[in-house]
Structures are given as C-alpha cells and as structure tokens.
Amino acid sequence: MSDAQLFQYANTTALLSWIVLAVQPKRTAATLRFVVPLAMAVLYIWALSTAPANPDGGFGSLAQVKALFTQDRVILAGWVHYLAFDFFIGCWMVMDAAERGIKHLLVIPCMLLTFMFGPVGLLLYVGLRTALSGRAVKTA
C-alpha cells in the first residue's frame, strides 16, 4: 500500500470518527478516545520506523525540521500525529462537556475547529467552559 493510500485511509478514518463523535457523543467518546488514536499510533510508528533517514533533518532549527518533512513517509507520520492528538482532544472535550452539563451543540464548533485547526478549537472550548462555569479552568 502506498503512502498516499495510507494518507487517504487515515484521513477517512479521522473524518468518520469525528462525525460519529459529533452525532453519538455519549456512546462513542469513551471508546473512540483510545481506539482511534492508538490505531493512528501504530501507523505513526510504522511510518517513522520505515522512513528513509535524512541526515539533514533534526529538531534543532527550523531548517532541520523542514528537512525532516521532505519525504512522503515522514509527512504521513506527521499528519497522523496531528490526527491522533486532535481527535483525542476532541473526545476529551465531549466527555468534559458532558460532565459539566455543557450542551453538546455548543461543543460542536469547538470540535470542528479542533479537527481543522487543533489548538484553536481547544482554546475556544476552554473559553466556552470558563464562560459557562463562571470561573477559571482548574489545571491538574
């Protein structure tokens, strides 16, 4: 299977998972929060472990990070990384909102933004959560 096909499967899986989460939040959030990201983790590990080495790549500078993402397999791994973590955050938002009595319809825009723009959706949800609770969000 090609990297392009795996990319399409990962995208389709993520999109369908987000739709199910939006439509059936109570039934699916607790289960999907682990199933989808862990399945993506398997693909991520495979993609990273089978990608050709790039001696110019690294994490010490923007140029090195850019060099890392010059190969399709590494781009696939990076994209799957985003899909897995964004979906996990989406599941957390749905479960947290249910615990706090926040209407699911109010969470859907946050979910959409998390799916499309990651941290923007998380920020919107935390703002919504804070506004509706009337107090600052507690951290661990």
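Tutor: Let's start with the sulfur of Cys 91: the closest cysteine sulfur belongs to Cys 110 and is 14 Å away, too far for a bond. A disulfide is a covalent bond between the sulfur atoms of two cysteines. To be counted here, the two sulfur atoms would have to lie within 2.5 Å. Seen from the other end, the sulfur of Cys 110 has Cys 91 as its closest cysteine partner, at 14 Å and again too far for a bond. The count for the structure is therefore 0 disulfides. Please keep in mind that this is a predicted model, as you look at these distances.

Are these two cysteines buried or exposed? Cys 91 is buried, with a relative accessible area of 0%, and Cys 110 also counts as buried, at 2%.

Cys 110 brings us to helix 5, where the buried residues are Val 107, Cys 110, Met 111 and Thr 114. They sit on the same side of helix 5, because the arc they cover around the axis is only 110 degrees. Turn to the face pointing away from that buried side and you will find the exposed residues Leu 105, Leu 112 and Phe 117. As for its dimensions, helix 5 has 14 residues and spans 19 Å from its first C-alpha to its last, close to the 20 Å expected at 1.5 Å a residue. After helix 5 comes Gly 118, which has a positive phi, near 45 degrees.

What does the buried side of helix 5 pack against? Its buried residues meet helix 1, helix 4 and helix 6.

Take Thr 114 in helix 5. It counts as buried because its relative accessibility is 0%. Leaving out residues up to four places away in sequence, Thr 114 touches Trp 18, Asp 86, Ile 89, Gly 90, Met 93, Gly 121 and Leu 122.

Now look at Val 107. Setting aside neighbours within four places in sequence, Val 107 contacts Met 93, Ala 97, Ile 102, Tyr 125 and Leu 128.

Finally, let's look at the aromatic rings. The structure has 6 aromatic pairs. One of them joins Trp 18 and Phe 115, whose ring centres are 5.6 Å apart and whose planes meet at 50 degrees, so the pair is tilted. Because Trp 18 lies in helix 1 and Phe 115 in helix 5, this pair ties together parts that are 97 residues apart in sequence. Trp 18 counts as buried at 6% relative accessibility, whereas Phe 115 is partly exposed at 24%. Elsewhere, Phe 7, Trp 79 and Tyr 82 form one aromatic cluster.

Methods
Residues are numbered from 1 along each chain as its sequence is written. This is a predicted model: local features need pLDDT of at least 70, side-chain atom pairs count only at pLDDT 80 or more; totals for chains, interfaces and linings use all residues. Side-chain values use heavy atoms; hydrogens and water are left out. Contact means heavy atoms within 4.5 Å. Helices (H or I, at least four residues) and strands (E, at least two) are DSSP runs, numbered from the N terminus. Buried means under 20% relative accessible area, exposed over 50%, partly exposed in between (1.4 Å probe, protein chains only). Rings of Phe, Tyr and Trp (its six-membered ring) pair if their centres lie within 6.5 Å; planes under 30 degrees apart count as stacked, over 60 as edge-to-face and the rest as tilted. The expected span of a helix is 1.5 Å times one less than its number of residues. The arc is that of the directions from the helix axis to the C-beta atoms.
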